[in-house]
Amino acid sequence: MDARVTAHARYSIADIDKRLYGSFLEHLGRAVYTGIYEPGHPTALPNGMRRDVIDLVRDLDTPICRYPGGNFVSAYNWEDGIGPKEDRPTRLDLAWRTAESNQVGIHEFAEWAEAAGTEMMLAVNLGSRGLDAARNFVEYVNHPGGSHWSDLRRKNGRTDPWNVKLWCLGNEMDGPWQVGHKSAAEYGHLANETAKAIRAFDDSLELVVCGSSHSEMPTYPQWEATVLEETYDQIDYISLHMYFENYEKNTAEYLALPEKLDRYIGTVGGVIDFVKGKKRSKRDVKISFDEWNVWYHERKSDAKRMKEWDWPHAPVLLEDIYNFEDVLQVGCILNTFIRRADRVRIACIAQLVNVIAPIMTEPGGAAWRQTIYHPFHIASRYGRGTALQLDVDCPHYTADSADRVSYLDIAGVHDGDTGTLTFFAINRNGQENIDLKLATEHFGTVKSVEHTLIKHDDLEAKNTRDNPENVKPRKAEGAIIEGNTVRVSVPPYSYSMIRITL
Ligand code: AHR
């Protein structure tokens, strides 16, 4: 099958915010305990953080990490995680029916984030708590000193404020499963008042209000309209979440799901513009897609196990083992964010370690890269610069989620600093090669091309502790430069990065 793609220097979408490659770590399962934190592990630092995991996160180059939840945050008392560790209470976490020891709190997470080379994106509890706990937390984290909460932080060992810029006003407040779930009007009012209090403390902070938990929610997209009407002047981002499933084991349908993601972003973009127009505002609200990933491999059995267990601490939970098919899906999702970089400024893969995550650990043992680590790593490393409006001419197929799904899913990024053009391409056809002709116009002379490929003959292929490199990128041969056009062969069901030096 032939495909022709043209990139033109004047046709761009937006500069990509590097926070598009953000991540998320929740007090859930083994994400924190035996994930990032395991005193006694052979690689543990004096503060108990696993060095092997820090190294993998640094390699992933994720500029922000959302914390501490997730559903967990909606019944969390942030004060339980400060002060001497031996005095911290064990609490029941109502979201995941587990016990939370609070041995990791804001101080430990902040130290970890610094070591891992990522900035904190913090969520406040607007479920079981409200404005007061939120403003105290912001003061504890960001005020230099001379006030009750900032002096307590200093007493607890941290002199300088952490100056966290990005704050989430609750989590998935549209979801009936959420502790303290609210109607859109109730939540909008509370979020607005909380935002005003936080702004009174520091107007330069960036605030994220909850949008819909997914695009099948009965309240979507009216939720966005109501919440934005309440909060528009006080907030900077609206948060969206989406998880991808393939219960039917139908690859064509599965890989077409990012079309729904694209529509979701488009619709919420329209709602933002509607409210902006209604308010005669010049303020631009953007999207923070702060939870996304494949999540279905263990989902049903986890839900059953959770109902039966007796409040365990850090149990195995949501430990999806990803396969090669999920590499293609994650590639298509990231491409959608790049193509929507004008609307989506922040996106967080959910999650980072052990829990629906690109990084897995064994207690006392190894840490390794899941299959989905690789497309994320490649996009995070090379998908920075300006997102390009590509002209794509390729055969397509019909799926439940969209009528015209291009067999070639492609996004392009121009990085003026490195003088490179990078394309991320997924062949959604399992039978045929795509002979891709990539024309570049007005970027200058094409000097060289590199083709990195992730391909496995088995869509079910996984990376495990004993076989951690079963699915991984390799250099591919055969890309040809013809003037300012590059010809590449993209194998059936494969992920490619085509990087052109200008
Ligand atoms: O990431 C797992 C869970 O998914 C989060 O806690 C919640 O926000 C979402 O429903």
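Guide: Let's start with G157, which comes after helix 4 and has a positive phi, near 110°. Helix 4 spans residues 148-155; helices here are DSSP runs of H or I with at least four residues, strands are runs of E with at least two, and both are numbered from the N terminus. Please keep in mind that this is a predicted model, in which local features need pLDDT of at least 70 and side-chain atom pairs count only at pLDDT 80 or more, while totals for chains, interfaces and linings use all residues. Residues are numbered from 1 along each chain as its sequence is written, and side-chain values use heavy atoms, leaving out hydrogens and water.

Now look along helix 4 itself. W149, S150 and R153 are its buried residues, where buried means under 20% relative accessible area, exposed means over 50%, and partly exposed is in between (1.4 Å probe, protein chains only). These residues lie on the same side of helix 4, because they cover an arc of only 100° around the axis; the arc is that of the directions from the helix axis to the C-beta atoms. An α-helix has 3.6 residues a turn, so residues three or four places apart point the same way. Turn to the other side of helix 4 and you find H148 and K155, both exposed. The cover over the buried residues includes helix 2 (106-116) and helix 3 (131-142); contact means heavy atoms within 4.5 Å.

Two strands count as paired if DSSP finds at least two bridges between them. Strand 9 (residues 206-210) runs parallel to strand 10, joined to it by 3 bridges, and V209 has I238 as its bridge partner in strand 10. Moving along, strand 10 pairs with strand 11 in the parallel sense over 7 bridges, with F244 opposite V294 of strand 11. Strand 11 then pairs with strand 12 (residues 344-350), again parallel, over 4 bridges; here F289 has A347 as its partner. Strand 11 (residues 286-294) is largely enclosed by the rest of the structure, because 8 of its 9 residues are buried.

Charged side chains give another way to trace the fold. The structure holds 36 salt bridges, each defined as a side-chain nitrogen of Lys or Arg within 4 Å of a carboxyl oxygen of Asp or Glu. One of them joins D59 to R369, whose closest N and O atoms are 3.2 Å apart. Since D59 is in helix 1 (residues 51-60) and R369 in strand 14 (residues 367-369), this pair ties together parts that are 310 residues apart in sequence. D59, at 23% relative accessibility, counts as partly exposed, and so does R369 at 30%.

K249 and E460 form another salt bridge, with their closest N and O atoms 3.5 Å apart. K249 sits in the loop between strand 10 (237-244) and helix 7 (251-256), and E460 in the loop between strand 22 (448-454) and strand 23 (474-476), so that distant parts of the chain, 211 residues apart, are linked. K249 is partly exposed at 43% relative accessibility, as is E460 at 34%. There is also a network of salt bridges linking R199, D203, D236 and R283.

Finally, visit an open sheet of 5 strands, ordered 16-1-21-25-24 with mixed pairing. Strand 16 (391-393) and strand 24 (480-482) stand at its edges with a single partner strand each, so one side of each is left without a neighbour in the sheet. The twist in this sheet averages 20° from one strand to the next. Strand 24 pairs with strand 25 (residues 485-490) in the antiparallel sense over 3 bridges, and V486 of strand 25 is the bridge partner of I481.

Conventions:
Axes fitted to C-alpha atoms, helices over the stretch in contact; angles between N-to-C directions.
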